[in-house]
Amino acid sequence: MPSEVCFAPGVSSQPRPPAWDHSTADVSRSPLTEEGSRLVPALTIASHPRAHRVGERLLLEALASGRPMRVSRNEPDFMRPEGALGMHLADPFLSRKPLVLAPAAEGGIRLEPGEGSRVAVGGEVLREPWEFSAAEVAAGVPLELAGRVLLVLHLADASAREAEDALGMVGGSVGLQRVRQHITRVADLHVPVLVRGETGSGKELIAQAIHRHSTRRDKPFVSVNLGAIPRELAAAELFGARKGAFTGAVRDQPGFFQAAHEGTLFLDEVGEAPPEVQVMLLRVLETGQLYPVGERTPIAVDVRLVAATDANLEQQIQEGRFKAPLLHRLSGYSIRVPPLRERREDIGLLFHHFARAELEALGEAWRLTPEAPTAEPWLPSALAARLVGHRWSGNIRELRNVARQLVIGSRGQPCLRLDAQLEQELALTKGALPGRPAHAPPAVEAPAAPRRKPSEISEEELLAALQRNDWDFQAAADQLRIHRSSIYDLIEKSPHLRTAGDLSPEEITRCFHECQGDLDAMTRRLQVSKRALGRRVKELGLG
């Protein structure tokens with residue numbers, strides 16, 4: 001996506017038929033396009049007084065032929081991508097006089113509000129024709145009509161007809177359609193799959209879909225977050241351990257690989273795997289055999305491995321923290337998950353999906369179906385526009401949390417409300433960026449501070465970060481701008497710090513009784529990871 005996108009009045013030059021193809025209009029999503037796709041402009045309903053209409057869309061195929069299209073209360077029909085029947089917008093507050101969308105130069109689109117419904121973009125009412133560039137259309141432009149309906153102007157794959165299918169994914173964006181295609185192609189094969197995408201983008205859902213549509217669907221699906229397993233326990237957790245292999249191993253322990261035998265093992269945050277675990281993973285992928293900790297005889301396992309990461313593994317390879325052969329083995333087939341900001345047309349549908357679940361839990365699902373056709377929309381168009389324009393750094397996980405906050409915060413009210421306190425807590429994008437049009441794709445954010453080398457971190461700085469973050473290793477690593485695995489390296493080199501694995505059963509038991517089982521108090525006293533200490537407590541039968 002370009003770092004600067006203009007928002008200028010429409011020009012009077014003769015429009016020419018735009019070429020909405022992979023080389024022009026799909027600027028922000030070019031990694032997701034594939035040969036055979038036919039991208040055309042489209043309008044998708046993100047908010048409507050009749051909530052069940054959210055997700056319906058109108059393909060603007062006439063624009064590709066150089067012809068304008070008119071949109072009003074009574075024409076044309078919007079429909080589900082998988083449906084055959086549609087309906088016009090039909091809200092009585094919309095004008096019968098049409099808005100006109102016409103092709104503009106270099107793949108742009110010109111919007112002429114005319115005497116039709118009031119159109120607002122980024123909270124500003126359009127009082128004259130305006131032109132959206134090809135890059136803006138590719139990113140998605142939210143259009144408020146009469147303060148009642150929110151439409152998103154975007155690009156759609158005219159050849160794709162399914163918005164929600166057996167894969168259990170909500171949305172009809174180009175990026176999500178590509179993900180569906182990848183899943184269908186690889187699901188019934190035995191090859192390992194590497195799912196790459198930002199945190200919260202739904203990587204585990206993709207792994208589950210691969211499993212459900214594979215020949216292993218009736219066998220176990222085991223999900224493991226490597227970032228949540230203490231480094232000293234990672235090998236035993238994954239590959240199992242024999243009784244007496246280490247302190248606390250009071251019986252044979254099967255690992256996650258054995259639990260997933262004949263099924264699928266999902267390894268999230270695979271970039272957090274310690275070096276010794278990377279070697280063992282590579283052996284399993286190459287030979288189908290593993291060695292439990294403390295065992296000299298290999299065990300054969302039949303596991304389909306799906307791994308996921310939001311890390312730059314290629315950079316980690318250059319830094320010596322990830323093994324190139326393992327990356328090559330893991331990525332027998334790779335799937336990129338688009339971030340939510342590249343799926344603006346899906347945000348309204350996803351929000352309603354999550355909100356409906358929360359409303360049903362509260363017994364208030366009736367709020368989505370107002371009786372009067374003139375009732376105020378349950379999701380006001382202005383709020384929907386802010387949702388669509390938000391950056392969503394936490395992706396789908398963040399959207400789900402926002403939906404929950406809004407629903408609970410508006411409990412018992414007919415419409416969603418965003419008060420000042422909730423607005424501050426949710427930190428939703430508001431208004432235009434300084435010096436830029438309100439509707440334009442967000443400017444490129446300042447790059448994050450560079451990672452530090454572990455050798456730059458003193459023992460005092462490490463200890464202070466751990467104490468400030470209550471011995472949460474991931475939080476301390478984020479604050480120090482180092483990787484979580486580096487925390488363990490620094491602790492190993494320190495003569496004064498230790499991990500939960502270094503504690504003797506006697507010390508843990510004594511501390512447990514002295515602190516009356518309060519794990520937080522034990523963590524502060526013993527100065528080790530709370531999560532890892534909790535595991536040791538359970539292993540000793542104290543918890």
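The following questions and answers go through a predicted model.

Trainee: What percentage of the residues in the protein is buried?
Mentor: Buried means under 20% relative accessible area, exposed means over 50%, and partly exposed lies in between, with a 1.4 Å probe and protein chains only. The protein has 543 residues, and the buried share of them is 50%.

Trainee: Among contacts between residues at least 6 apart in sequence, what percentage joins residues at least 24 apart?
Mentor: Contact means heavy atoms within 4.5 Å. Of the contacts in the protein between residues at least 6 apart in sequence, the share joining residues at least 24 apart is 67%.

Trainee: Is helix 18 roughly parallel or roughly perpendicular to helix 19?
Mentor: Helix 18 covers residues 519-526 and helix 19 covers residues 530-539; their axes are 10 Å apart and the angle is about 110°. Axes are lines fitted to C-alpha atoms, for helices over the stretch in contact, and angles run from 0 to 180 degrees between N-to-C directions. Angles under 35 degrees count as roughly parallel, over 145 as roughly antiparallel, 65 to 115 as roughly perpendicular and the rest as oblique. Helix 18 is therefore, relative to helix 19, roughly perpendicular.

Trainee: How do the residues of the contact of helix 18 with helix 19 divide into nonpolar, polar and charged?
Mentor: Helix 18 contributes Leu-519, Asp-520, Met-522, Thr-523 and Leu-526, and helix 19 contributes Lys-530, Leu-533, Gly-534 and Val-537. Ala, Val, Leu, Ile, Met, Phe, Trp, Tyr, Cys and Pro count as nonpolar, Asp, Glu, Lys and Arg as charged, and the others, Gly among them, as polar. The contact residues come to five nonpolar, two polar and two charged.

Trainee: Which helices are included in what covers the buried residues of helix 18?
Mentor: The buried residues in helix 18 are Ala-521, Met-522, Thr-523 and Leu-526. Their cover includes helix 17 and helix 19.

Trainee: At the start of helix 18, which backbone nitrogen does a side-chain oxygen of Asp-518 reach?
Mentor: At the other end, helix 18 is followed by Gln-527, whose phi is positive, near 55°. At the start, the side-chain oxygen of Asp-518 comes to within 3.0 Å of the backbone nitrogen of Asp-520.

Trainee: With which side chain does the side chain of Glu-514 make a polar contact?
Mentor: Glu-514 is in helix 17 (residues 505-514) and is partly exposed, at 48% relative accessibility. A polar contact is a pair of N or O atoms within 3.5 Å; within protein, one must be able to donate a hydrogen and the other to accept it, and residues adjacent in sequence count only if both atoms are side-chain atoms. At 2.4 Å, the partner of Glu-514 is the side chain of Arg-525.

Trainee: Which side chain is joined to that of Asp-157 by a polar contact of 3.2 Å?
Mentor: Asp-157 is in strand 11 (residues 149-157) and is buried, with a relative accessible area of 4%. A polar atom of its side chain lies 3.4 Å from the backbone nitrogen of Arg-38. The side chain joined to that of Asp-157 at 3.2 Å belongs to Arg-178.

Trainee: Is Glu-106 buried or exposed?
Mentor: Glu-106 is found in the loop between strand 5 and strand 6 (109-112). Its phi is positive, about 55°, although Glu-106 is not a glycine. With a relative accessible area of 64%, Glu-106 is exposed.

Trainee: What is omega for the cis peptide bond that joins Glu-75 and Pro-76?
Mentor: Pro-76 is in the loop between strand 4 (69-71) and strand 5 (99-103). For the cis peptide bond between Glu-75 and Pro-76, omega is about -20°.

How values were computed:
Residues are numbered from 1 along each chain as its sequence is written. This is a predicted model: local features need pLDDT of at least 70, side-chain atom pairs count only at pLDDT 80 or more; totals for chains, interfaces and linings use all residues. Side-chain values use heavy atoms; hydrogens and water are left out. Helices (H or I, at least four residues) and strands (E, at least two) are DSSP runs, numbered from the N terminus.
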